[in-house]
Amino acid sequence: MEARYSIVFYFLMLLALSSAFAFPSKKQYKPCKHLVLYFHDIIYNGKNAGNATSAIVAAPDGANLTILAGQFHFGNIAVFDDPITLDNNLHSKPVGRAQGLYIYDTKNTFTSWLGFTFVLNSTDHQGSINFSGADPIMVKSRDISIVGGTGDFFMHRGIATIMTDAFEGEVYFRLRVDIKFYECW
């Protein structure tokens, strides 16, 4: 009788151990498509109309639309139509445009909410990529969602890691956008 119980016990232990190793603990996702692009933003300051690629369209009551609001720019809304390049040189040939808006939405630190589209029209890529999400500007590397696209990026979704690559006062900044698609159609 004891031999029978020990066989059943060993069988149950073997079954328990084999099921513990049958399922991996975490699935590793790999991007199905990867791009690195740069976009260059030159905000209108009242003196640079010829070069400006963005403008403040809304500001706190009584604020000036050519100067960002004081305390963390809270309440400013800017729209942009910025050139996108393959490298960090503003004067490189653009491969598309970044079009959208950013809203400075926090009173106690520099953060914004971004909603924009990369409209790409080059020999390598045709179509658009749509982005949306919070941008804690003071964090070196931050992620925003890729919520869709058209053309070569039809129904693509993923994550864009953005980093401020250059910053010149309140007039110019350049973002490095590391795009990883995890759903590609």
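Residues are numbered from 1 along each chain as its sequence is written. Because the model is predicted, local features need pLDDT of at least 70 and side-chain atom pairs count only at pLDDT 80 or more, while totals for chains, interfaces and linings use all residues; side-chain values use heavy atoms, with hydrogens and water left out.

The mean pLDDT (the predictor's confidence in each residue, from 0 to 100) is 85 for the protein, and 81% of the residues score at least 70.

One disulfide (a pair of cysteine sulfur atoms within 2.5 Å) is present in the structure. It is formed by cysteine 32 and cysteine 184, whose sulfur atoms lie 2.0 Å apart. The pair links distant parts of the chain, 152 residues apart: cysteine 32 is in the loop between α1 (2-20) and β1 (33-42), and cysteine 184 is in the segment after β9 (172-183). The link of cysteine 32 and cysteine 184 is right-handed, with 85 degrees about the S-S bond. Cysteine 32 has a relative accessibility of 42% and so counts as partly exposed (buried means under 20% relative accessible area, exposed over 50%, partly exposed in between, with a 1.4 Å probe and protein chains only). Cysteine 184 is also partly exposed, at 31%.

Pockets were found on a 1 Å grid over the protein atoms alone (a pocket is an open set of points where a 1.4 Å probe fits, with protein on both sides within 12 Å along at least five of seven lines; lining residues have an atom within 4 Å of a point). At least two lining residues come from each of β1, β4 (96-104), β5 (112-121), β8 (157-168) and β9, and β9 gives the most, with three. The lining comprises 15 nonpolar, four polar and four charged residues (Ala, Val, Leu, Ile, Met, Phe, Trp, Tyr, Cys and Pro count as nonpolar, Asp, Glu, Lys and Arg as charged, and the others, Gly among them, as polar).

The second largest pocket holds about 220 Å³ of space. Leu86, Pro94, Val95, Ser122 and Thr123 are the closest to its centre among its 14 lining residues. Five nonpolar, six polar and three charged residues make up this lining.

Notes:
Helices (H or I, at least four residues) and strands (E, at least two) are DSSP runs, numbered from the N terminus. Grid points are joined across faces, edges and corners, and a volume is the space filled by probe spheres set on the points.
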